[in-house]
Amino acid sequence: MRILIYILFFSFLFVYQIPNCLSQRWETIFGEPGKNESIGDILEYYDKGYLISGNHELPSNNEYEAWLIKTDINGNKLWEKFLYWENSGIVMGRATTDNNGEVVIASCVWLNNEECRPYIIKIDSCGDKQWCKIFTDNEYTYGWFSDVLILDNGDILALAYLDSDDEIELVFLFYFEKNGDLIWKKPYASKNNYPLINSPSGGRVYKFQKDYIISGYCYYPYP
């Protein structure tokens, strides 16, 4: 199955599905006129419907809130949720789900509209928040979560970028228990191990059986 997503800026979110044997061909539009709205990720849900995550422009100040849309297999909207962190805007990132319909979203939140901090939220199959965490540390000037995995035991592995003045360590993995408790945080692609590396950034984290791979990019001298 392939899902084609088209984003019409300052207009609507448009989704078109190429059909398979279980669903009808459909296309649908989500959003409001005159708003800047965009999609961050789309997941096939445990009930064969879809969970669409994106960003929705607030009406008053050109800020954004995280936006979740749950559809059935034929694209009919079942519910939508808007996610907030106090008075700060959340920038929606990548999402993942498990067989029970629980969803974890990796993203960032703009504190005081000045600095972006890593933010992670777990919701249940009805879209209700179970817990959320924001990572703040004065050692780092800003950062975000770029990818997330739900492991077989229900715990969570999240890939983060954390910027600091010295920029020795920028790529991190966070390990959370299923209830949201942070167990450990470890750096990768560190200048302590690779003195010639510059500006590394992790994009995705993958699990292959018992192995984990981080992919991303960096600057490095030739050859």
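**Stop one: the rings**

Select Trp131, Phe135, Tyr140, Phe145, Phe172, Phe174 and Phe176: ring pairs link them into a cluster. Rings of Phe, Tyr and Trp (its six-membered ring) pair if their centres lie within 6.5 Å; planes under 30 degrees apart count as stacked, over 60 as edge-to-face and the rest as tilted.

Before going on, know that this is a predicted model, where local features need pLDDT of at least 70, side-chain atom pairs count only at pLDDT 80 or more, and totals for chains, interfaces and linings use all residues. Residues are numbered from 1 along each chain as its sequence is written, and side-chain values use heavy atoms, with hydrogens and water left out.

The structure holds 15 aromatic pairs. Zoom in on Tyr140 and Phe172, an edge-to-face pair with 5.7 Å centre to centre and 80 degrees between the planes. Tyr140 sits in the loop between strand E12 (129–134) and strand E13 (142–150), while Phe172 is in strand E15 (residues 171–176), 32 residues apart. Strands (E, at least two residues) are DSSP runs, numbered from the N terminus. Are Tyr140 and Phe172 buried or exposed? Both are buried (under 20% relative accessible area; exposed is over 50%, partly exposed in between, with a 1.4 Å probe and protein chains only).

Now try Tyr142 and Trp144, which are stacked, at 6.1 Å centre to centre with 25 degrees between the planes. Tyr142 counts as partly exposed because its relative accessibility is 32%, and Trp144 does so at 29%.

**Stop two: a sheet**

Next, colour the strands E13-E14-E15-E16: in that order, these four form an open sheet with antiparallel pairing (two strands pair if DSSP finds at least two bridges between them). E13 and strand E16 (182–188) are at the edges with a single partner strand each, so one side of each has no neighbour in the sheet. Strand E14 (residues 156–163) is joined to E15 by six bridges. Click Ile156, and you can find its bridge partner in E15: Phe176.

**Stop three: the core**

Which residues have the most contacts inside the largest nonpolar core? Select Leu68, Leu83, Ile90, Val103 and Ile105, in a core of 18 residues. A nonpolar core is a set of buried Ala, Val, Leu, Ile, Met, Phe, Trp, Tyr and Cys residues joined through side-chain atoms within 4.5 Å. Strand E10 (103–111) is one of the elements that give two or more residues to this core, and E10 brings the largest share, four residues. Apart from this core lies another, of 16 residues, including Phe145, Val148, Ala160 and Leu162.
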